[in-house]
Amino acid sequence: MAKALFSDIFGANISSSNAVQACTVEHCGLNMEERTLDITLKSENYITAEERNKLHNALLAALRLNSCEITFIYAENALNSAACADIIAEIKVKNAALNGYFNGAEFKLTDGNVGITLKYGGYEKITHSGFENAFRAIIRERFNMEITVSFDGQLDAVEMEMPKVTAPEHIERKQAPKADKPAAPKNEIKFEKREEKPDNGIVYLDNPQIFYGRGINTNTKKMIEVTSEDTEICCWGEVFGTEVRTINTKRGESNILTFSFSDYTNSLTANMFIDPKRMGEVAPIKDGAFVLINGTYEFDNYKNEFRVKPKAMALLQKYEETDSHEGEKRVELHCHTNMSAKDAVSSAADIVNQAYKWGHKAVAITDHGVVQAYPAAAGAVKAIRKGGGQFKVIYGVEAYFVDDINNDISGLNAKQIAKYRCHQIILVKNLTGLKNLYKLVSDAHLNNFKGRPITLRSKLDTLREGLVIGSACEQGELYKAIVDEKPEEELLRIADYYDYLEIQPLGNNEFMVRESSYPDKKDKKTGAVIPNRFRKVTSDEVIKDFNRKVVELADKLGKPVVATGDVHFLKKSDDIIRKILMAGQGFDDFDNQAPLYLKTTDEMLNDFDYFGERAKEFVIDNPNKIADMIDDDVIPVPDGNYPPVIELSLIHI
Ligand SMILES: [Zn+2]
Ligand SMILES: [Zn+2]
């Protein structure tokens, strides 16, 4: 695969200079549990400190990261005068002794030598400061180049007014800089429920609840439009990365509150000193809160970036998307969490809470072959019930299923078995089913790990009690057979094995239309032509026909059809995160993300409107019937007792 460009992966989501957009992504490691990103970019052009900072902040904001490590490597010809000046500015930050001597310096690059023409002397000081080593090390690291450094021009000290050195504030840290929880606010700010969507689709700006300072200006500016010319800012954003540090000052203990906030065009970082006794005043500042901030915008020499010093702050009401469908709502029976091998982004708790808030009565958690999300899901339900709510988690997996009854797979290696592998949804109905599922998962990991944990049909047949089996996505046995135009009897035989048949929104399978024009592939060894399976999928209409076929088979067999979303992220806006996860794993089509977010009842009804009246049966009635079949008291992790199978299955992840 050709290396992806920065613009391919981040393009519309991260605004940055053309030079950054044109970088190739050499490495991209996103850890969704820790929310950290480690990215290496290769550039033909030097990227200045200001651009790097901007990029860093934009990535933090768009991906809600806790930390982001960006490494730039450059082509040799990117080393120019501007790059030299920028690197020197960077060294100067750490070495105040150099301040001033490089003012107006000129750089000449010839045959691996950087000639520096000084204007204000200081050669002696520079050579004794370790400058040359630092400079050469940075060039080695970023340009993979060994250089020499020479000086000419005004080498001896001249009488001059040295620019003032702003020494970093001396901060004596007390113990480990651990974040204390801000104290509880004096009066919790509560907003009235609102229905209408705000203009920006995210937050209401018309009812700011001021909690710090006097009076607040609501004439906000987009963060992306804030420049170094601005001295005052008025911006709104979602708070993240909140940190409180206690330091000792001459006048006793003081807290430094640092936090970032983002309006999703960019992010800003704010910090402020605050008396530990007055922490209650800033209690509304916590991760996930939306705030409006008026403050000064100044360059922090110590941090080497612009910081906001808040003067007035108000809490804003966030727009909550609701499932406004009248009457019974849908139930999602196919949901991946961030425990699914690296390609899903939402935590089980987030999914459970969202479904509950929307008035869905249940949600199924179906990670690929693993059960690691169960404790988190169970914890979320427990909290809901504790608060007097009613909700049900349906525990399940999306198994890698191989039908070893109708296919002879003896003696096949992992690669050959992969051809028979299909996705399959297994839901737990009761405690017997839970035990059987644990046995199946353990067996798949311990005895049948063939590149993936394989669930054999022969095993499932003996352990099927208490389980409900669904036909899964386009990689399911049935859907694959339909795409491959298998004869009717075979389709009926396959469909008959399942308790319910799944259909999914067109967007989930739109990639087939894109791929229909791809050339056939050739087997590298044998030269045999591997025909493009999607050749005939030239429009959405063909995908609709696949779903119509599923319904036809279900009707013949008297099986329920269930519309599922194959959820991989919670919000529409999270698709960028999935894109990066997939790019990091080297997938070619990461740029075409299917809309695999948790959908409201009306969104889902819309997706299946071509079934007319029956859409409600597939989207609402049947999923609810299946949810009703599931026992309420299936608790996957008895308090303080972790089933050993979970630990066993962890070994292979
Ligand atoms: Zn699947
Ligand atoms: Zn799936």
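## What counts as a contact

Two residues are taken to be in contact here if their C-beta atoms, placed from the backbone, lie within 7 Å. Keep that in mind for the helix pair below. One more caution before starting: this is a predicted model.

## The overall picture

The protein has 653 residues, and 36% of them are buried. Its secondary structure comes to 20 helices and 23 strands. Looking at contacts with a separation of 6 or more, 72% are between residues 24 or more positions apart.

## Helix 7 against helix 8

Let's start with helix 7, which covers residues 348-357. On the helix 7 side, Ala348, Ala349, Val352, Asn353 and Tyr356 do the touching, and they meet Ala376, Ala377, Gly379, Ala380, Val381 and Ile384 of helix 8. Sorted by class, that contact has 9 nonpolar residues, 2 polar ones and no charged ones. The two helices pack at an angle of about 35°, their axes 7 Å apart, and the crossing is right-handed.

Which residues of helix 7 are buried? They are Ala348, Ile351, Val352, Gln354, Ala355 and Tyr356. As for what covers them, the list includes strand 14 (362-368), helix 8 (374-386) and strand 15. Just past the end of helix 7, Gly359 takes a positive phi of about 85°.

## Two residues at the packing site

Val352 sits in helix 7 and is buried. Setting aside neighbours within four places in sequence, Val352 is in contact with Val363, Ala377, Ala380, Val381, Phe391 and Val393.

Across from it in that list is Ala377, which belongs to helix 8. Why is Ala377 classed as buried? Because 26 other C-beta atoms lie within 10 Å, and the cut-off for buried is 20 or more. Take Ile365: Ala377 is 12 residues away from it along the chain, and their C-alpha atoms are separated by 8.0 Å.

## The nonpolar cores

Val352 and Ala377 turn up again in the largest nonpolar core, which has 81 residues. Together with Val363, Val393 and Ile394, they have the most contacts inside it. Strand 15 (residues 392-402) gives the most to this core, with 8 residues. Apart from that core lies another, of 40 residues, among them Ile9, Val25, Ile47 and Ile88. As a general point, nonpolar side chains in soluble globular proteins tend to be buried together.

## Strand pairing further up the chain

Strand 1 (residues 24-31) and strand 2 (residues 36-43) pair in the antiparallel sense over 7 bridges.

Strand 5 (residues 113-118) and strand 6 run parallel and are joined by 6 bridges; Val114, for instance, has Val149 in strand 6 as its bridge partner.

Key: Residues are numbered from 1 along each chain as its sequence is written. Chains are lettered from A and ligands numbered from 1 in the order in which they are written. This is a predicted model: local features need pLDDT of at least 70, side-chain atom pairs count only at pLDDT 80 or more; totals for chains, interfaces and linings use all residues. A nonpolar core is a set of buried Ala, Val, Leu, Ile, Met, Phe, Trp, Tyr and Cys residues joined through C-beta atoms within 7 Å. A residue is buried if 20 or more other C-beta atoms lie within 10 Å of its own, exposed if 12 or fewer, and partly exposed in between; C-beta atoms are placed from the backbone. Helices (H or I, at least four residues) and strands (E, at least two) are DSSP runs, numbered from the N terminus. Two strands pair if DSSP finds at least two bridges between them. Axes are lines fitted to C-alpha atoms, for helices over the stretch in contact, and angles run from 0 to 180 degrees between N-to-C directions. A crossing is left-handed if the near helix is turned anticlockwise from the far one by less than a right angle, and right-handed if clockwise. Ala, Val, Leu, Ile, Met, Phe, Trp, Tyr, Cys and Pro count as nonpolar, Asp, Glu, Lys and Arg as charged, and the others, Gly among them, as polar.
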